[in-house]
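Please have the sequence and the structure at hand while reading.

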Amino acid sequence: MNFPHLFSPLKVGPYQLRHRLVMAPLTRMRAARPSLAPRPLNAEYYAQRATQGGLIIAEASPVLATGFGNPGVPGIYTEQQVDGWRSVVNAVHAKGGVIFLQLWHVGRVSHSSFQPGGALPVAPSAVPISPDLKTMTADGKVVAYETPRALLTSEIPGIVEAFRQGARNAMAAGFDGVEIHGANGYLIEQFLQSRSNLRTDQYGGGIENRSRLLREITQAAIEVWGANRVGVRLSPYGVANDSGEADPMPLYTHAIQSLNPLGLAYLHFIEPRSSGAGRAEVDHQNVPSAMVLFRPVWKGILISAGGFTGDTADAAIAAGHADAIAFGRIFISNPDLPHRLQRGFPLTPYNRATFYGGEEKGYTDYPAYDEMAPA
Ligand SMILES: Cc1cc2nc3c(=O)[nH]c(=O)nc-3n(C[C@H](O)[C@H](O)[C@H](O)COP(=O)(O)O)c2cc1C
């Protein structure tokens with residue numbers, strides 16, 4: 001058997017996992033339209049990836065209609081969406097998988113064409129994403145990002161409440177827990193980082209204030225689920241969506257230390273070397289390792305993701321840098337990834353052209369490895 005550390009059991013919150021290979025949250029833009037509810041195709045996709053008693057973190061799902069920046073992304077704020085997710089969860093549970101839902105708000109990583117009433121996207125401050133990065137409108141035009149509208153202080157409790165309701169909805173759908181998306185330059189990270197947060201109220205300024213929204217949202221999810229079924233995802237040193245704190249160490253040390261006493265199920269990092277992997281093939285060189293830097297700060301279960309192979313995942317766990325490793329891109333093209341790594345079977349390469357949107361092609365049509373097939 002390969003990779004004995006990766007394929008050793010791990011308890012995450014109340015869940016006894018049979019191995020430490022996690023499916024990373026992966027936006028695939030294949031929800032039903034216009035309901036933005038998961039549909040049977042989505043249930044089939046997740047069930048294919050749930051066969052070996054591991055943890056799946058389902059794709060980022062906006063908790064509010066203002067939280068979208070892409071078409072065909074599933075939501076978690078209407079009854080129809082909850083019903084759709086329930087079918088996904090039931091299919092995963094039937095295969096023995098454990099599944100958390102990632103709760104999302106994109107903030108300024110949106111365009112008015114996705115916003116209710118054509119309004120501007122909301123953000124901590126009216127700071128646009130660099131014009132060097134482009135986005136796509138709802139009708140497919142490539143454009144620069146707009147300058148977002150800064151949220152009023154009085155609107156922020158509504159954002160926190162939307163995450164609380166999203167957490168409740170995830171529970172109603174039967175999920176095993178939720179992950180707060182605090183990574184990749186989306187709303188929560190926009191609040192965390194000084195380049196996107198110029199606020200002068202209690203949500204801006206020093207690191208304590210910039211971490212406040214993350215803490216309030218996490219606390220709201222804990223009040224719904226209990227701390228041991230809530231995870232948080234962060235991407236210190238990441239550069240996705242024009243993010244990046246000039247000096248990440250004090251900010252993230254503070255943010256992580258303030259999460260420590262809560263007793264969360266886990267903390268989940270995206271390694272900076274793979275920051276932006278959703279958009280392009282990246283391998284940022286000579287960047288720090290989030291797990292190595294912050295392992296000494298974080299007192300609970302640590303999951304890391306980003307450019308791992310079976311070898312590097314096993315080594316990271318053996319060295320104590322992480323407790324579990326999440327895989328993204330190669331889980332797209334290898335529905336039976338744990339089985340293949342464990343048995344040393346070859347991996348199917350992924351096709352980036354079918355990552356986002358479409359039907360079964362590049363989604364549910366990647367086969368499991370057939371040991372009997374002629375080579
Ligand atoms: C198609 C695609 C969609 C993604 N969607 C999400 C997402 O919804 N939420 C999130 O936190 N990260 C998302 N990511 C980042 C992955 O979870 C993961 O951190 C990244 O792909 C690096 O891991 P890998 O090298 O194993 O692919 C996405 C990445 C890809 C390639």
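## Overview

The model described here is a predicted one, and it holds 14 salt bridges. Side chains of opposite charge can pair when their charged atoms come close. A few of these pairs are described below, together with the surroundings of their residues.

## A pair with an exposed partner

K141 and D139 meet through their side chains in a salt bridge, with a distance of 3.4 Å from N to O. D139 counts as exposed because its relative accessibility is 59%, and the cut-off for that class is over 50%.

R195 is partly exposed, at 39% relative accessibility, whereas D242, at 14%, counts as buried.

E281 and R352 also form a salt bridge, in which the closest N and O atoms are 2.4 Å apart. E281 lies in the loop between β12 (266–270) and α8 (290–294) and R352 in the segment after α11 (337–343), so this pair ties together parts that are 71 residues apart in sequence. E281 is partly exposed, with a relative accessible area of 49%, and R352 is likewise partly exposed, with 23%.

## A network

Salt bridges with shared partners join E161, R164 and E223 into one network.

Definitions and conventions: Residues numbered from 1 in each chain as written. Predicted model: local features only at pLDDT ≥ 70, side-chain atom pairs only at ≥ 80, totals over all residues. Heavy atoms only, no water. Salt bridge = Lys/Arg side-chain N within 4 Å of Asp/Glu carboxyl O. Buried < 20%, exposed > 50% of the residue type's maximum accessible area, 1.4 Å probe, protein only. Helix = DSSP H or I, 4+ residues; strand = E, 2+ residues; numbered from the N terminus.
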